[in-house]
Amino acid sequence: MIYDIRHVTSYSYGSQVSFARCSLRLKPLSDASQKLISHSIEIKPRPATRATRVDFFGIPTESIVIETPHKVLRIDSRSRVEVNRIPPARDSGSTAWERVGEAALDCASLGADAPVGYVFPSSLAPVQRAVTRYAAESFPPARGVLAGAADLMRRIRREFKYDPKATVISTPLAEVFEKRHGVCQDFAHVMIAGLRGLGLPAAYVSGYLRTYPPAGQPRLQGADATHAWVSVWCGNESGWVGFDPTNDLLIGNDHIVLAVGRDFSDVSPVDGVIVGSRRQKLSVAVDVIPVE
């Protein structure tokens, strides 16, 4: 499946900003199941400098510096991506979850894909006793790790309510878990924290999800959004498998990966600092369009 993706981020400031330094993680990944065909980013006002690097997690990251005074910053990212990903069946056989945790700690590699880097707590996905107990209900002794992760994903989808007004990115995990309300970022963090509490490697994935308009209605421009889900290391044989707890889906061709890290703080599409306005308004518009 081939997609054209447009991701427009706009910041409007209450007063003029004299300087901005930003990090952009807007270039979709290329790997065995996803190929980046083309990519470009247009920035207004024009940056004084632009530099690209690859971070520890293998994510292309562009650093920009804007020295032109401005009240609006607009970042327009356009990509064409080909996705060819076949998810495993939920009842596929897999390694017992206890052995997966042991294998992760025995891993000699410290590279971006090494499972040991995703076993330990992180700032937005801390290990907490209540969340670990909740996850443990899906992992009785000797259960296959894939089946256990799929069951945990299903339970989060069923027992947590999607509510964009319930949280912000700084809402503590304990509060999200107690209220059982939140958005895709929250549900991904809950699932990751629960898995890590059991010693299982789990990564946070940011990206895009193809959406379908109601029957007989055209799709609305800019109505899509960035999405978040979880990648679980299921042992040496199965490797990394994606789980979407917001929708109870194993990751297939409707998901496009943008970046992977320990939690949202590693993969924020745009972050940085400014000198100037104390008030700002952020707007994000995303289009994910299948190429026929």
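1. Domain 1 (2-84 + 269-290) and domain 2 (97-266) both contribute lining residues to the second largest pocket, so this pocket lies between them. The domain bounds come from an automatic or database domain assignment. A pocket here is an open set of points on a 1 Å grid over the protein atoms alone, where a 1.4 Å probe fits, with protein on both sides within 12 Å along at least five of seven lines; lining residues have an atom within 4 Å of a point.

2. The model is predicted: local features need pLDDT of at least 70, side-chain atom pairs count only at pLDDT 80 or more, and totals for chains, interfaces and linings use all residues. Residues are numbered from 1 along each chain as its sequence is written, and side-chain values use heavy atoms, with hydrogens and water left out.

3. The second largest pocket holds about 660 Å³ of space, a volume being the space filled by probe spheres set on grid points that are joined across faces, edges and corners. Its lining has 26 residues, of which D31, S33, S231, W240 and V257 lie nearest the centre. Two or more lining residues come from each of β9, β10, β11 (240-244) and β13 (255-261), and β11 gives the most, with three. Helices (H or I, at least four residues) and strands (E, at least two) are DSSP runs numbered from the N terminus.

4. The lining of the second largest pocket divides into 17 nonpolar, six polar and three charged residues. Ala, Val, Leu, Ile, Met, Phe, Trp, Tyr, Cys and Pro count as nonpolar, Asp, Glu, Lys and Arg as charged, and the others, Gly among them, as polar.

5. The largest pocket has a volume of about 1000 Å³. It also lies between domain 1 and domain 2, because both give residues to its lining. Of its 31 lining residues, Q185, A225, T226, F264 and V284 lie nearest the centre. At least two lining residues come from each of β1 (2-17), α5 (184-197), β9 (202-209), β10 (226-233) and β15 (280-290). The lining comprises 16 nonpolar, 13 polar and two charged residues.

6. The axes of α3 (residues 145-159) and α5 come within 11 Å and cross at roughly 140 degrees. Axes are lines fitted to C-alpha atoms, for helices over the stretch in contact, and angles run from 0 to 180 degrees between N-to-C directions. The two helices, α3 and α5, are therefore oblique to each other (under 35 degrees counts as roughly parallel, over 145 as roughly antiparallel, 65 to 115 as roughly perpendicular and the rest as oblique).

7. A cis peptide bond, with omega about 0 degrees, joins K44 and P45. P45 is placed in the loop between β3 (34-44) and β4 (49-54).
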